[in-house]
Amino acid sequence: VPQGADITALASGFRRLELFVATVHASNNIAVPFSELKRRIVNDGMTLGQAIQDIRPKSRYWSEAQRAEADAAEMIRTSEAVVLASQKSS
C-alpha cells in the first residue's frame with residue numbers, strides 16, 4: 001500500500017476487514033500489486049488464494065493466502081485487545 005494512501009478507499013468493497021488486511025499482507029509478501037488482488041477478490045468474487053493463483057499460476061504461493069489470513073486475524077485480535085485495555089484504563 002503506497003504511503004499516504006486513503007485506507008478507507010483501499011478497503012472499500014471488501015466483505016471483511018480481515019480479508020482486506022490479509023490482501024495487503026499477501027500483496028507485500030509476494031510482490032503482487034494490491035490493486036490486482038483486490039480487483040479479483042472484490043469484482044470477480046475470488047478468494048484470496050484463487051486471486052493469487054490467477055495472477056501467478058503454477059506458483060508456490062497458494063499457502064501464502066492462508067499465511068496472510070492468519071497474520072491478519074492475529075493483527076486484528078491484537079489491535080482489539082489494545083483498544084479494550086486502553087478503554088478499561090480510562
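Tutor: What follows takes the overall fold, a helix pair and the salt bridges in turn. The model is predicted, so that local features need pLDDT of at least 70 and side-chain atom pairs count only at pLDDT 80 or more, whereas totals for chains, interfaces and linings use all residues. Residues are numbered from 1 along each chain as its sequence is written, and side-chain values use heavy atoms, with hydrogens and water left out.

Student: Why are H2 and H3 called oblique to each other?

Tutor: The axes of H2 (residues 17-30) and H3 (residues 34-43) cross at roughly 140° and come within 9 Å. Angles under 35 degrees count as roughly parallel, over 145 as roughly antiparallel, 65 to 115 as roughly perpendicular, and the rest as oblique; the pair H2 and H3 is therefore oblique. The axes themselves are lines fitted to C-alpha atoms, for helices over the stretch in contact, with angles from 0 to 180 degrees between N-to-C directions.

Student: Which residues of H2 and H3 meet?

Tutor: Leu 19, Phe 20, Thr 23, Val 24, Ala 26 and Ser 27 in H2 meet Phe 34, Leu 37, Lys 38 and Ile 41 in H3, contact meaning heavy atoms within 4.5 Å. The residues of this contact divide into seven nonpolar, two polar and one charged, where Ala, Val, Leu, Ile, Met, Phe, Trp, Tyr, Cys and Pro count as nonpolar, Asp, Glu, Lys and Arg as charged, and the others, Gly among them, as polar.

Student: What makes Gln 66 exposed?

Tutor: Gln 66, which is found in helix H5 (residues 62-89), has a relative accessible area of 54%. Buried means under 20%, exposed over 50%, and partly exposed in between (1.4 Å probe, protein chains only), so Gln 66 counts as exposed.

Student: Are Arg 40 and Glu 36 buried or partly exposed?

Tutor: Arg 40 is buried because its relative accessible area is 10%, whereas Glu 36, at 31%, counts as partly exposed.

Student: Which other salt bridges are there to examine?

Tutor: The structure holds five salt bridges, among them one between Arg 39 and Glu 36 at 3.7 Å, N to O, and one between Arg 77 and Glu 74 at 3.0 Å. Arg 77 and Glu 74 lie three residues apart in H5, about one turn of the helix. Salt bridges that share partners join Glu 36, Arg 39, Arg 40, Asp 44 and Asp 54 into one network.

Note on methods
Helices (H or I, at least four residues) and strands (E, at least two) are DSSP runs, numbered from the N terminus. A salt bridge is a side-chain nitrogen of Lys or Arg within 4 Å of a carboxyl oxygen of Asp or Glu.
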